[in-house]
Structures are given as structure tokens and as C-alpha cells.
Amino acid sequence: MVRFGPSGFCEEFVKLHSHTEEVPEWLMIHGLDAYEYAFNKGIRISDEKALSINKAFSEKGILLSVHGPYYINLANPDEEMANKSKGYIIDSLKKMKLMGAKYLVFHPGSLMKATRQEAFDMVMKRLKELIVLLDENEFYDMYICPETMGKHGQIGTVEEVAQMCALDQRIIPTLDFGHINAFGCGCLKTKQDFENVFMTLKKYIGERYKKVHIHFSKVMYGDKGEIKHLNYDEDDLYGPNFQYLAEVLKEHNIDATVICESSGAQTQDSVKMKQIFETID
Ligand SMILES: [Zn+2]
């Protein structure tokens, strides 16, 4: 199954509404069935609000995922700081249980002054420690979803994320195709390029490559990778092209939630992607 929906409030939504509990109705009107809530700047939501969101989303059958705080950095060489990052992931999951959300997207880490290999090794070490914490907290059916990143100073190539996912069944990839394309300065040009992303996953996690979380938006890039997210109608230069991804999702029977992170037009662009997906035989 492939679900579609926006990340956060789009510009049209905020003209009319201001509460997350109003999102499910809004999505239904647009024929969408997924939504990503952001803890980007902190986990600042009361238990009461979390339960109220849970009720609103479960009543309408909308799949809710959460984007973890931006300051999570599992590559931080400072053990204390890294422990804090692991704590933010566990705290996010605790809140998500109340919200009825099972998928936590997070940015694995930044290189800071380390080499890519050193930073990656750090992330892998911390993820192994996190798996122990997942068990200790009895998070047996919650998923942490490291994201493919767009800037060269960040950990999160497809190959790196695939290796993270090989550590445990509860680690599944967030494939951000705008980021993958930006990191590779426009590397996603053909359908084969999209298929290769899934084949890299398959190499490390076998048939589990068929279950993924996806971010899709057009992303402007320069020689160091990502610059900024764009709306569909602002882009005819950077890409990537959703048509090819849609074909690959259908042919490989991928179970995915496709979250649109356009810059303001997330809902409209989600609708466009869903229409593209549905016109494929
Ligand atoms: Zn992200």
C-alpha cells in the first residue's frame, strides 16, 4: 500500500485552521491518508494534546508519523551529548505512543570535525546502544527511520542508511529523494536511478526493502548538496521526477508512506503525486 500526505501545516491550511486535530478532516477532503507531525524544535506537546491528536487521526484512519528533533546527532564524539540524542529519540517514542504514531524520522548525524567514516562508525555504535534502549522501554512495534540527507556534511547516504537498517527490524529507511538527488548533484535522472536506490537497500536488508518511509519534494542544490526545498510549480530544473519513483513503487509492490515536504504547497503537491501514482497501470 502507498499512502500520501503532507509534512506540517501547508499555507492553505493555516488560512482556515490552526489545530492539528483539524488536519485529518482537511486531508480527507483532499483524498490523502498520511501526515507527518514535527518535533523539529523540541518535544513540546502535552500528554493531553497527544491523546487528543491520536483520537482525531484514528477516527479518520490517517497514518501519523513524527519527525524527530533536528538537534539529534548520533555522530557527536561527545558521549554525554550522544546520550542526550538517544534520550530525545526515546522521549519522542514515548510521546508518539500517546499520539498513536509508530514511525519516527530522524537525521542520523553531522560530521562536525570527524571524517565521514569516523562519524558513520559513531552513528552505528549509538544505534546499537539505542536498540538495547528500545527493548528496555518495550518499544517492540515502534520504528525509528534514519533519513537520507542532502548535505555533504551530514551522515545519510542511501548506502549508510541501508547499513543502519540492517542492525534491527525496527530500523527502517526514510528515503528522502529530494535529498538523495541534491547530495548527488542531480543523480536521480532515470527510472533506473530510482530502482538502484531500492537495490542498494535490498543488498543490505533483503526483502525488507519493500517497506519504507519516503520524503519527496523538489530540492534546490549546489556543489555541497541541498540548498532548499521547493514547491512543484517552482521547479523545472532540479527535480527529482516523481513519475519514475511512482513506477518503481508499483512494480516492486513497495509498502510506503510518501510525505511531501514542499515549501508551503505540501498538500497540493501530495495530491499531485497521488494522481501520478494512480494513473500508472
Ligand atoms: Zn528530515
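Two residues are said to be in contact if their C-beta atoms, placed from the backbone, lie within 7 Å. The model is a predicted one, in which local features need pLDDT of at least 70, side-chain atom pairs count only at pLDDT 80 or more, and totals for chains, interfaces and linings use all residues. Residues are numbered from 1 along each chain as its sequence is written.

Q: What makes Asn 73 count as buried or exposed?
A: A residue is buried if 20 or more other C-beta atoms lie within 10 Å of its own, exposed if 12 or fewer, and partly exposed in between, with the C-beta atoms placed from the backbone. Asn 73 has 27 C-beta neighbours inside 10 Å and therefore counts as buried.

Q: How far apart are Asn 73 and Ala 265 in sequence and in space?
A: From C-alpha to C-alpha the two lie 29 Å apart in space, while 192 residues separate Asn 73 and Ala 265 in sequence.

Q: Why is Glu 138 given its exposure class?
A: Glu 138 has 9 C-beta neighbours inside 10 Å, so this residue counts as exposed. Glu 138 lies in the loop between H5 and S6, and its phi is near 60°, a positive value in a residue other than glycine.

Q: What makes helix H6 (residues 158-165) enclosed by the rest of the structure?
A: Seven of the eight residues of H6 are buried, so the helix is largely enclosed. The buried residues are Val 158, Glu 160, Val 161, Ala 162, Gln 163, Met 164 and Cys 165, and they pack against H5, S6, strand S7 (154-155), H7 and H8.

Q: How do you know that the span of helix H4 (residues 79-99) agrees with its number of residues?
A: The expected span of a helix is 1.5 Å times one less than its number of residues. The 21 residues of H4 should therefore span 30 Å, and its end C-alpha atoms are 30 Å apart, which agrees. After H4 comes Gly 100, whose phi is positive, near 80°.

Q: Why are H3 and H4 described by the angle between them as they are?
A: Axes are lines fitted to C-alpha atoms, for helices over the stretch in contact, and angles run from 0 to 180 degrees between N-to-C directions. Angles under 35 degrees count as roughly parallel, over 145 as roughly antiparallel, 65 to 115 as roughly perpendicular and the rest as oblique. The axes of H3 and H4 come within 7 Å and cross at roughly 50°, and the two helices are therefore oblique to each other. Their contact is made by Asp 47, Ala 50, Leu 51, Ile 53 and Asn 54 of H3 together with Lys 95, Leu 98 and Met 99 of H4.

Q: Why are strands S1 (2-6) and S8 (174-176) said to stand at the edges?
A: Two strands pair if DSSP finds at least two bridges between them. Four strands form an open sheet in the order S1-S12-S9-S8, with parallel pairing. S1 and S8 each have a single partner strand, so one side of each is left without a neighbour in the sheet.

Q: How do you know that S1 and strand S12 (residues 255-260) pair?
A: The two are joined over five bridges in the parallel sense, against the at least two that the definition asks for. Within this pair, Arg 3 stands opposite Thr 257 in S12.
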